[in-house]
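Hello,

Here is the structure we talked about. Please open it next to this email and follow along.

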Amino acid sequence: MANYYSDHPEIAFQLSNPLMKHIVELRERNFVEKDKYAEAPVNYEDALENYKRVLDIIGDLSANVIQPNAESIDLEGPHLENGRMKYASKTYEDLDVTRRAGLWGVTMPRQYGGLNFPMSIFSMMSEVVAAADAGFQNIWSLQSCIDTLYEFGSDEQKAKYIPRVCNGETMSMDLTEPDAGSDLQHVMLKATFDEKENCWRLNGVKRFITNGDSDIHLVLARSEEGTHDGRGLSMFIYDKQNGGVDVRHIENKLGIHGSPTCELVYKNAKAELCGSTRLGLIKYVMALMNGARLGIGAQSVGVAQEAYNLAVAYAKEREQFGKKIIFFPAVYDMLSRMKAKLDGGRALLYETARYVDVYKALEEISNNRQLTPEERKEMKKYSRMADAITPLCKGMNSEYANQAAYDAISIHGGSGFIMEYEAQRLYRDARIFSIYEGTTQLQVVAAIRYVTNGTYLKIIDEMLEHEVAEDLKPLQERVREMTVLYKQSIEYVKNADNQEMHDFLAHRLCDMTGDILVSLLLLDDATRNEDLFGRSAKIFVFAAKEKVVGHADYIQNFIAEDLKDFQVEKENAQEETEK
């Protein structure tokens with residue numbers, strides 16, 4: 001019987017990362033709960049076995065329930081009834097099996113009914129579910145919104161809402177509006193305090209809200225009258241049980257049909273303030289978005305894995321000119337590049353998740369006792385690295401998933417364009433990954449300052465000191481050569497002292513950063529298991545150097561005057577505006 005976890009040893013490999021033991025010990029506070037909760041692990045090995053059992057369960061359900069339901073859900077989709085969203089019929093079956101299996105509240109403490117799993121394990125679970133159905137993964141993985149409530153909510157709010165999510169109630173984050181998409185500082189949904197009822201009231205419209213008719217919403221709203229920027233925004237908790245919000249419209253989308261995207265109308269809806277006023281965007285949404293971007297990284301890896309699986313299976317079966325097409329160089333070249341990006345993207349995903357796990361665990365410990373100087377230094381280090389790597393993780397993996405889905409259709413040929421084949425669904429589903437929760441271009445905006453301030457270079461230089469297997473040292477030398485070109489390119493852009501040129505070349509610098517980091521991560525993985533990753537490491541490094549050399553040549557021969565060649569549309573738009 002198929003299992004989307006155990007069928008892919010590359011996922012389980014991530015459990016053996018040297019940092020995992022430290023993460024588990026921090027998360028479990030040296031296993032102090034073993035006498036209080038029967039399910040709490042007694043040591044590191046016990047914790048790992050528990051993770052594996054749960055991953056095996058979700059791998060089984062994903063392969064044998066969620067994936068078989070995916071086509072029906074894609075065809076039916078959610079629908080609107082009297083101002084309420086109704087899921088596709090089979091979505092309720094997916095929700096039921098995951099609830100009965102206890103797969104909700106994954107990262108929440110046991111005191112609230114959660115599993116107390118690290119983010120890296122939740123990311124593995126998300127990857128597995130996404131491989132089965134990216135639309136359902138959206139619904140299931142939004143339980144991670146509870147992390148923000150757990151971090152910033154009051155003790156009363158935690159006790160009220162977290163057990164509900166652990167029991168399988170759904171969540172959403174209501175951020176965007178018709179006139180405030182990526183530019184969230186212009187959110188205008190109004191929050192006013194009701195003195196008589198001692199509660200907040202929300203009025204306005206939210207648009208493009210994933211799983212928008214969920215049970216519990218985190219809502220960004222303007223609480224400070226007369227403000228027009230991010231400093232006037234606060235975060236609120238809306239409970240569907242209280243009423244006051246209707247679904248006006250469900251978007252008819254290209255893909256992820258099972259995941260309802262709603263337009264919501266708030267009509268004097270009762271809500272609770274989460275945390276403090278004025279910090280909704282600058283603090284709470286930033287935490288929420290970083291978690292969502294990690295989730296999309298996992299979603300992207302899952303879809304890339306499924307696209308690769310479909311492409312390999314079809315290439316082994318399809319025969320042309322008297323032989324299976326998998327033996328054609330053009331096909332196995334495409335497949336090998338798909339696999340290299342898949343392995344590299346997965347390495348980046350779990351490295352990011354581990355960074356998050358370390359600093360979040362230390363941050364939580366600091367709420368109960370004073371950290372030692374060494375712990376404070378470690379928390380600061382991993383927090384900085386997580387902030388830096390998250391946009392690369394989201395940006396690169398979402399693009400990899402799109403390319404993998406595209407290539408899967410190419411390998412299927414004409415059949416890939418036929419709706420009866422799963423490849424077309426993956427292609428439609430993947431397209432949103434590089435758009436929602438910040439486009440790839442916005443990930444570049446988030447990442448570029450870490451290019452110019454040396455954060456990435458410090459990580460790269462440290463990783464270049466890692467010992468690699470003897471036969472991988474020529475690849476490591478290639479990465480050193482890439483790094484020299486990277487440093488030269490950064491200095492060239494910085495010395496130009498031209499902000500528009502800096503912004504124009506930013507995506508090339510970020511591409512170079514990602515290619516070098518992923519190359520080094522794959523070399524580390526291949527050193528620990530060359531059978532699993534040696535081939536991907538070689539293919540990825542060779543392709544990465546080709547790209548880095550090209551980017552370096554482009555950047556180091558670019559001058560500010562060249563921008564004029566790209567500004568025709570800008571000038572035309574300006575003329576139209578002036579008219």
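What percentage of the 579 residues of the chain count as buried? It is 57%, where buried means under 20% relative accessible area with a 1.4 Å probe and protein chains only.

Some ground rules. This is a predicted model, in which local features need pLDDT of at least 70, side-chain atom pairs count only at pLDDT 80 or more, and totals for chains, interfaces and linings use all residues. Residues are numbered from 1 along each chain as its sequence is written, and side-chain values use heavy atoms, with hydrogens and water left out.

Now the overall fold. The chain has 18 helices and eleven strands (DSSP runs: H or I of at least four residues, E of at least two, numbered from the N terminus). Its radius of gyration is 24 Å, close to the 25 Å of the globule rule for 579 residues, so the chain is as compact as a globular protein of that length. That radius is taken over C-alpha atoms, and the rule is 2.2 Å times the number of residues to the power 0.38. The C-alpha atoms fill a box of roughly 70 × 65 × 60 Å along the principal axes.

Next, contacts (heavy atoms within 4.5 Å). Among those with a separation of 6 or more, 75% join residues 24 or more positions apart.

Last, the surface. The accessible surface comes to about 25000 Å², by the Shrake-Rupley method with a 1.4 Å probe. Carbon and sulfur atoms hold 50% of that surface.

Best wishes

Note on methods
Buried < 20%, exposed > 50% of the residue type's maximum accessible area, 1.4 Å probe, protein only.
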